[in-house]
Structure formats: C-alpha cells, structure tokens
Amino acid sequence: MALSCRKSHTMDSIFDQVHERRHTDSQKWHKYAGQDILPMWVADMDFKAPEPVLQALHERIDHGIFGYARPERDTIEAVIGMLQRNYDWAVEEEWLVWLPGLVVGLNITSRAFAEPGEKILTTTPIYPPFLLGPRFQNRSVTKAKMALDGDKWVIDWEAMEAAVDSQTRMFFFCNPHNPCARVFDRSELEAVAAFCQRHNLILCSDEIHCELLLDGRSHTPIATLSEEVSKNSFTLIAPSKTYNLAGLGCSLAIIPDKGLRHRFNSATRGIMAEVNNLGYTACEAAYRDGGPWREELLRYLGANRDCIHSFVKERIPEIGVYQHEATYLSWLDVTAFDLSDPVAHFESYGVGLTDGAFFDSPGHVRLNFGCSRLTLKEGLERMEKAVDALR
C-alpha cells in the first residue's frame, strides 16, 4: 500500500532535500552513531535554516570579531515587530529578558518565584524540563494529569483543583503544547488565567512553538488576555524551534511586570551565560525576514502530519494518534503492545523515538517529523516492521 501524502507545493524541493548530519556536531544524530537507526527523537529539524538567516550569519562571521554581545536596536525591533505583526501584541523593550535557552529560563523561573520545598504545578504529559527544572532547584513539582476529550488532550480542571494547595507558587503552562500538539483556544486560556488568579499563582507560559501552528490556526499569547493577566504572568519564546536555530542559544522571557522582572533578573546573577553574537544575529534575521520560509515550512509539516495519521490508521492501527494542531512532534499511544521499553523495541527495528516516560506518560512515544518526506516514510515503514514483530 502506498503512503498517502498531500501533493507537492512550490518550495517542497527545499524541504525534500536530505542533508547529511551523521558527521557533524548534531546531538540528534550522534546518539546513534555507527548504528542503522533513524533519529526521530530530540526536537530539532533536519532542514537548513532560512536563507536570510544564513546570509546574516555569513556577514556577521565575516566581521571576524566575537566579543561579549548585546542585542542591537535592529534585533530588538525585529522581536517587537514580529510579536506585533503576528499576535497584535504591543511589547515594550524593557519587558525583554534575553536568555541562552528556554530550559535555562525554566530553571531560573523555579529559583526566582518559589522557595526551596515550595511547589510548582504543571500538567502532564509535559516537556521534561517542566518536571526537571524545579527539581534541579530544590523545588517540588505537583502534577495534574490532562484528560482526553475524544482524541483531543484537554486540561482536567478537577485534577488541577485537587493538585493545588497553599504551598503552590506557580503554574508552568505550555501552549502550543509539547508533546500533545494542542493549541489552546481563548476559552481555555481564560480558564487557565482565572485558575491562577483564584489560587494566587504566578503564570509561566512556554510559547516556544507559537509560530508552528498548522492548518491556518492562530496563536493567542496568554499575556494578551487582559492587563491583569499580563501583570501576573510572563512568556518564554525563541526562534529556535521554528527556524531550526537551537544550537545558537537565543531565547527570550517577556516579563511585563517590573517586580516579576526584577525577581527573575536577580535569580540569573552569576549563574546564567550570555547570549552569543550569532544567536542575536540569527534571531533578528529569522523574525524580520523568515516569514515566507516559515509559511512553506508549515505547509510541508502539515503534509507530514497527514502522512503520519494516514499511515498509522491504514497500516499500524494498533498505535493511537491524537488531534494534532501544532509543532512537528507527534505523540503516539503504544500502550496496546504492553512493552516494558517501547523505545528499545523500536530502536531494534531502526527508528529512534523519545520515551513517553520522560513526559510522565509511559506507554507513549514522541516522533519528530521535522524531516524530509523520504526520511519520514522510511521511519514509518521501520515502525511498521517493529509492530509486525508484535502481531
């Protein structure tokens, strides 16, 4: 049976190219060096960054001097302009706190807004640093498991109310969601904001995947709901996921409230590295000039998502798939196989996935489909062989 895929678009040839990464510094590909295993685990894509970003990096490198860096006016304006253009969000320059990575931001947040032993609440399944960051800072994590509404993951408000208590200081929120690929709508965001207000919780919203919405969906930064929400929350973003720039280490915390911003900055002192020259350069070029490339990327990723769903339903229906609204990370239910180590099983058939246990959801795996369709097809066919062995 042939793999069902959407017809090609004008620029598909850019994303259809297979780039050799085995002999580079790629963490993604290093993991399986010397093995016939396709790495479809960690969240970076196998696509080259947009040409305007590459050109800007070449120009910066040609300058030849790489001292300590600060964002230039054009860099700041590129960030503010992107937020205004895409989300009608009027962000002021002083709200921006530059970070060498979003995971760093989660650790700093844990240190800044909770004391040792106090609690940070989050939903599960969830991106592992949401669980690890607080623990690394000697803060406790309280988990509220999400619920399924048909094939769509939603926040379970009864679980949330049961999890929060007088020692809870923060709520870590992820939208668009990793790994569940949800884009929470306005009513859901309003419920999150009301919950935090009711329980006097600071809201940290990880919105790093906000530019990776599929099927024409639109993202609403939770801080834009109201002035009150803006004062009690802050937002983490980065160009890294959308434009494949993770290795350049440039992220942002957007913190409108002066008091929260002071607490956050105080917690960074002496322990946080600075953003490097190339990170600033790439961020500026991506946010200023990366729009056309991103639009083509989203079409390609949407077709890849469709390929996964059609392939799984037609050829390996024992694997469960969910509604997928954003990101290039597919969340798959493999509980039907009752595997003690599902990742090891799929690795033995040549495909490397991420274990759902890291997300507090055993029996699931996460598949990165930010790759050429040829690579995706090969990975899916290897998964089919792995399932055949269990039938």
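# Exercises on a predicted model

Strand S12 (residues 329-333) has five of its five residues buried, so the strand is largely enclosed by the rest of the structure; buried here means under 20% relative accessible area, exposed over 50%, and partly exposed in between, with a 1.4 Å probe and protein chains only. Helices (H or I, at least four residues) and strands (E, at least two) are DSSP runs, numbered from the N terminus.

This is a predicted model, in which local features need pLDDT of at least 70 and side-chain atom pairs count only at pLDDT 80 or more, while totals for chains, interfaces and linings use all residues. Residues are numbered from 1 along each chain as its sequence is written, and side-chain values use heavy atoms, with hydrogens and water left out.

## Exercise 1

Work out which way the residues of S12 point, and place the strand in its sheet.

Step 1. Leu329, Trp331 and Asp333 point one way from S12, whereas Ser330 and Leu332 point the other way, and all are buried.

Step 2. Strands of a sheet pair through backbone hydrogen bonds, either parallel or antiparallel. Two strands are taken to pair if DSSP finds at least two bridges between them.

Step 3. Strand S11 (residues 320-321) pairs with S12 in the antiparallel sense over two bridges; glycine 320 stands opposite aspartate 333, and valine 321 stands opposite leucine 332.

Step 4. S12 is also joined to strand S15 (residues 364-368) by five bridges, and these two strands run antiparallel. Asparagine 368 in S15 is the bridge partner of leucine 329.

## Exercise 2

Describe how helix H13 (residues 291-315) packs against helix H15 (residues 373-388).

Step 1. Two packed helices are described by the angle between their axes and the distance between the axes. Axes are lines fitted to C-alpha atoms, for helices over the stretch in contact, and angles run from 0 to 180 degrees between N-to-C directions.

Step 2. The axes of H13 and H15 come within 11 Å and cross at roughly 20°. That makes H13 roughly parallel to H15, given that angles under 35 degrees count as roughly parallel, over 145 as roughly antiparallel, 65 to 115 as roughly perpendicular and the rest as oblique.

Step 3. The contact (heavy atoms within 4.5 Å) is made on the H13 side by residues including Tyr300, Asn304, Cys307 and Phe311, and on the H15 side by residues including Arg373, Leu376, Leu380 and Glu384.

## Exercise 3

Identify the members of the largest nonpolar core that touch the most other members, and follow the contacts of phenylalanine 346.

Step 1. A nonpolar core is a set of buried Ala, Val, Leu, Ile, Met, Phe, Trp, Tyr and Cys residues joined through side-chain atoms within 4.5 Å.

Step 2. The largest such core has 70 residues, and those touching the most other members are Leu83, Trp98, Ile319, Phe346, Leu367, Leu376 and Met383. Helix H13 supplies the largest share of this core, nine residues.

Step 3. A second, separate core of 28 residues includes Ala112, Ala114, Val141 and Phe264.

Step 4. Leaving aside its neighbours within four places in sequence, phenylalanine 346 is in contact with Ile319, Val334, Val351, Leu353, Met383, Ala386 and Val387.

## Exercise 4

Locate the backbone features at proline 125, proline 179, aspartate 215 and aspartate 338.

Step 1. Most residues other than glycine have a negative phi, and most peptide bonds are trans.

Step 2. The peptide bond from threonine 124 to proline 125 is cis, with omega near 5°, and proline 125 lies in the loop between strand S3 (119-124) and helix H6 (129-136). A cis peptide bond also joins asparagine 178 and proline 179, where omega is about 20°; proline 179 is found in the loop between strand S7 (168-174) and helix H8 (186-198).

Step 3. Aspartate 215 has a positive phi, near 65°, and counts as partly exposed at 49% relative accessibility. Aspartate 338, in the loop between S12 and helix H14 (342-347), has a positive phi of about 50° and counts as exposed at 71% relative accessibility.
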